[in-house]
Amino acid sequence: MQISSGDEASKCGDAMHTKIYAGTLFDSEKCELIKHRVISVSANVDFSDARNIDLRSKTVLPGFVDCHVHFFLHPYSETSWEDQNTRESLVERTIRATVHARETLMAGYTAVRDLGTEGAGDADVLFRKCVSGPNPLIPGPRYFCANRAIVTTGSYGPRNRLYPNRAGVEGKTGAEAADGVDECIKVVRRQVGAGADWIKLYADYRFRAEMTQVSPQTASESLDTFNTDELHAIVQTAHKLGVKVAAHTDGKSSWEGLISPDSSYQVDSVEHGHSVGESSFFRRSPDDYVARDTGIRQPTVWIPTLSVYYTLGKDTPMWKQAASTFTRAIKASDLNVKIACGGDTGTFAHGDNSLEMKLMVHLGADWKTVLRWGTLGGWECIRSMRWEGQKGKERLAKIHELREDARVVGDNETGILRRILSAPWIREALSS
């Protein structure tokens with residue numbers, strides 16, 4: 001894609017380009033609204049009429065990115081997580097995922113990261129094939145997937161009420177258990193070999209959830225799952241295979257090790273973090289973070305997932321704690337993590353992804369900064385490690401010069417988006 005001013009566009013009469021005339025364009029890099037810009041798109045877009053789209057009266061935004069979705073889940077207000085795992089067939093859950101993909105795309109989200117099938121096995125890897133490539137079967141955004149989240153034995157559900165010592169219900173488990181260094185290495189290798197874009201681990205969880213009836217406070221407490229050797233094994237194995245790692249954490253005790261460049265198990269993104277202590281937001285020296293291809297890691301990206309806390313109960317202590325943590329973070333001049341948007345979408349309705357950005361602004365974040373987090377910041381988070389460092393710069397240069405080949409440059413490209421843009425109804429939507 002190439003962006004130029006209106007005057008420059010008049011000099012570029014190349015019939016090989018489609019041009020979108022934008023009255024105002026949001027620049028995610030500079031967090032600025034720029035007037036009168038022309039966006040030139042590859043000629044691969046087969047529009048039925050002239051190669052000019054008139055959006056001079058509109059504000060044009062880059063595609064939004066949701067860094068934390070679950071296409072194989074639907075709102076818990078409709079069906080509980082446990083019932084979705086144990087009572088809905090894989091066929092039903094997959095059909096729902098196709099609907100969720102379309103709803104997400106029509107909400108303006110052109111890329112997502114699915115952080116776990118939650119009992120649907122390898123369905124996300126196979127689903128990606130249907131939504132990506134030059135001939136996708138269904139409409140949807142670019143789709144990055146994490147396959148099965150990795151947990152320790154006994155820490156995750158669904159719980160077997162009749163046989164408490166058995167994992168899952170009739171063989172259905174919401175994640176994949178691994179214990180000890182060898183098992184952790186093995187499960188990462190297996191998932192990456194199966195096609196996972198990301199590895200997701202649970203650094204802490206409600207390990208003693210079965211205590212609910214006798215000790216609710218004990219049951220609700222998040223406890224560390226993996227030990228440091230296991231975390232090191234998961235992260236280092238994934239990175240050696242060119243795959244990034246996301247970690248679920250409430251932020252109470254495991255946060256520091258997960259984000260510190262001095263740690264042997266620094267992850268690429270942390271999810272949730274509603275209990276992060278005030279002292280944990282501190283600035284590292286910029287010299288501590290350089291390009292990944294030099295062997296030193298980039299700052300970890302924090303995905304606050306405010307939406308899941310809000311939709312599960314805006315009067316609950318957990319929402320209030322999450323809101324307080326986020327407010328403290330955006331006020332900190334010494335914040336040591338990057339931020340991107342992801343709502344844990346699926347626990348609430350797909351298509352309502354923008355709730356995360358709305359909540360961020362409501363809690364005091366600058367709207368331009370939030371737009372950056374929801375576009376460029378999200379893409380920098382979910383993209384593959386091949387975009388990092390010098391090799392990443394070379395790939396970006398190919399795109400800027402319009403010499404890209406989707407088979408070489410693109411990550412999880414979706415050709416159907418281009419066909420959708422050529423449909424008459426999408427032009428009506430753009431003009432309304």
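A disulfide is taken here as a pair of cysteine sulfur atoms within 2.5 Å. By this criterion the structure, which is a predicted model, holds 0 disulfides. C341 is in no disulfide, the nearest cysteine sulfur being that of C67 at 7.4 Å. With a relative accessibility of 4%, C341 counts as buried, since the cut-off for that class is under 20% relative accessible area.

The packing of two helices was examined next. Two packed helices are described by the angle between their axes and the distance between the axes. For helix α5 (residues 180-194) and helix α7 (residues 228-240), the angle is about 25° and the axes lie 8 Å apart. Helix α5 is therefore roughly parallel to α7, as angles under 35 degrees are assigned to that class. The crossing of α5 past α7 is right-handed. On the α5 side, the contact is formed by G180, V181, C184, I185, V188 and R189, which meet D229, E230, A233, I234, T237 and A238 of α7. By residue class, this contact of α5 with α7 comprises 7 nonpolar, 2 polar and 3 charged residues.

F144 has a relative accessible area of 2% and is buried. Its C-alpha atom is separated by 4.6 Å from that of R113, although F144 and R113 are 31 residues apart along the chain. Neighbours within four places in sequence being set aside, F144 is in contact with V112, R113 and D114, with D197 and W198, with W379, I382 and R383, and with D411 and N412.

How values were computed. Residues numbered from 1 in each chain as written. Predicted model: local features only at pLDDT ≥ 70, side-chain atom pairs only at ≥ 80, totals over all residues. Heavy atoms only, no water. Axes fitted to C-alpha atoms, helices over the stretch in contact; angles between N-to-C directions. Helix = DSSP H or I, 4+ residues; strand = E, 2+ residues; numbered from the N terminus. Parallel < 35°, antiparallel > 145°, perpendicular 65-115°, else oblique. Left-handed = near helix turned anticlockwise from the far one by under 90°. Contact = heavy atoms within 4.5 Å. Nonpolar A, V, L, I, M, F, W, Y, C, P; charged D, E, K, R; others polar. Buried < 20%, exposed > 50% of the residue type's maximum accessible area, 1.4 Å probe, protein only.
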